[in-house]
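Trainee: I am new to this structure and would like to discuss it step by step. May we look at it together?

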Amino acid sequence: MTTKTKAVGLAPRRPPKPILNAFFLPRGILGYVGGFLMSRGVDQQGEIADLITAPGSDLCELGSGPGLLAAVLADRHPHLRLHLVDPSPVMRSQAARRCARFIDAGLVSVNDGTAESLPLAAGSCDTLVAVNSILMWPDLAAGLAEISRVLRPGGTLVLSWHSPAAPSSASRRLALTVYQIAEISAALTVTFSGVQRIDLVHSVAWVARRRG
Ligand SMILES: C[S@@+](CC[C@H](N)C(=O)[O-])C[C@H]1O[C@@H](n2cnc3c(N)ncnc32)[C@H](O)[C@@H]1O
C-alpha cells in the first residue's frame, strides 16, 4: 500500500481570480501593475523593517516582490548582504531596478526561488523575512522546514501578512482568517522556538528563532 503525503498549504482552495494573480505570481502587464500597487505599501514595509533591528550579516527576503522592504533594509544597514528570492521574473526585474545601487555595491542579489526551494546554502543566513507571501506557499510545513535549513542556529524568522485591523480596506479584504492565524502559529511552534505573534498597525507578524 502506498501512502500519499498531502501538502498543507494556506492557499485558497480555488485558484485566485485573474486580477489576484497580479499579486500571487505576478506576470505580464498585470504583474507590472501589481508591483506598482505593492510599491505603495511604504508604511507596512516600514513597520516590518522596524522589527529587524539586528539582522546580522546575511538576510534573505523570501517573496521579495518589487523590493520595497529590501531597499529600506539596505539603506538602514549599510553592510548587510541581502539575498532576495522570488519566483516571478516581473518582480525580480522591479526589485533589481529598485535596488540597483546596492546590487552594484555587491550587497544585494536577486534570485529565482520559492519557499519550497530556496537557492541558498544551509545555515547561510542570520535572518529571513517574508512579507505578504505565506498564502502563496503551497505547503506551509515544507516552507518552514526549508527556511529552517537556510537559517543559522539561533537565526531569526520574521513572517507577516495584512492585518484584519489594517487602516487600508484593501489590506483588510486580504487579511488572514483567525483559523489561518492559528494554523501559522501552531506550525511555527513545531519547527521554531521563541515564537512571538505581534499585532502591528498594518500587519500581523510573527518572530521566531531557528532551533539549534
Ligand atoms: C503579494 S506579493 C508580496 C511582495 C512583497 N513581499 C511585498 O510585500 O510587497 C507576493 C509575492 O510572493 C511571491 N511568491 C509566489 N509564490 C511564491 C512561493 N511559492 N514562495 C515564495 N514566494 C512566492 C510572488 O511572486 C510575489 O512577489
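Trainee: Does F36 count as buried or exposed, and why?
Mentor: This is a predicted model, and F36 lies in helix α2, residues 28-38. A residue counts as exposed when its relative accessible area is over 50%. Because the relative accessibility of F36 is 55%, F36 counts as exposed.

Trainee: Which residues make the nonpolar surface patch of about 490 Å²?
Mentor: F36, a residue of helix α2, is one of the contributors to this patch. The nonpolar patch of about 490 Å² is made by I29, L30, V33, F36 and L37.

Trainee: Which residue in β7 stands opposite F192?
Mentor: Strand β6 (residues 192-199) and strand β7 (residues 203-210) run antiparallel and are joined by six bridges. A hairpin through three residues leads from β6 to β7. In β7, the residue opposite F192 is R210.

Trainee: What percentage of the area that the ligand exposes when taken alone does the protein bury?
Mentor: There are 25 residues around the ligand, and Q45, G63, D86, E116 and V131 come nearest. A backbone N or O atom of G63 lies 2.7 Å from a nitrogen atom of the ligand, while for a polar side-chain atom of E116 the distance to a ligand nitrogen atom is 3.0 Å. A backbone N or O atom of V131 is 2.8 Å from a nitrogen atom of the ligand. Taken alone, the ligand exposes 590 Å², and the share of this that the protein buries is 95%.

Methods: Residues are numbered from 1 along each chain as its sequence is written. This is a predicted model: local features need pLDDT of at least 70, side-chain atom pairs count only at pLDDT 80 or more; totals for chains, interfaces and linings use all residues. Side-chain values use heavy atoms; hydrogens and water are left out. Patches are made of residues with over 30% relative accessible area and no salt bridge: like charges are joined within 9 Å, nonpolar side chains (Val, Leu, Ile, Met, Phe, Trp, Tyr) within 5 Å. Accessible areas come from the Shrake-Rupley method with a 1.4 Å probe; for residues, only the protein chains shown count as cover. A salt bridge is a side-chain nitrogen of Lys or Arg within 4 Å of a carboxyl oxygen of Asp or Glu. Helices (H or I, at least four residues) and strands (E, at least two) are DSSP runs, numbered from the N terminus. Buried means under 20% relative accessible area, exposed over 50%, partly exposed in between (1.4 Å probe, protein chains only). Two strands pair if DSSP finds at least two bridges between them. A residue is near a molecule or strand if one of its heavy atoms lies within 4 Å of it. A polar contact is a pair of N or O atoms within 3.5 Å; within protein, one must be able to donate a hydrogen and the other to accept it, and residues adjacent in sequence count only if both atoms are side-chain atoms.
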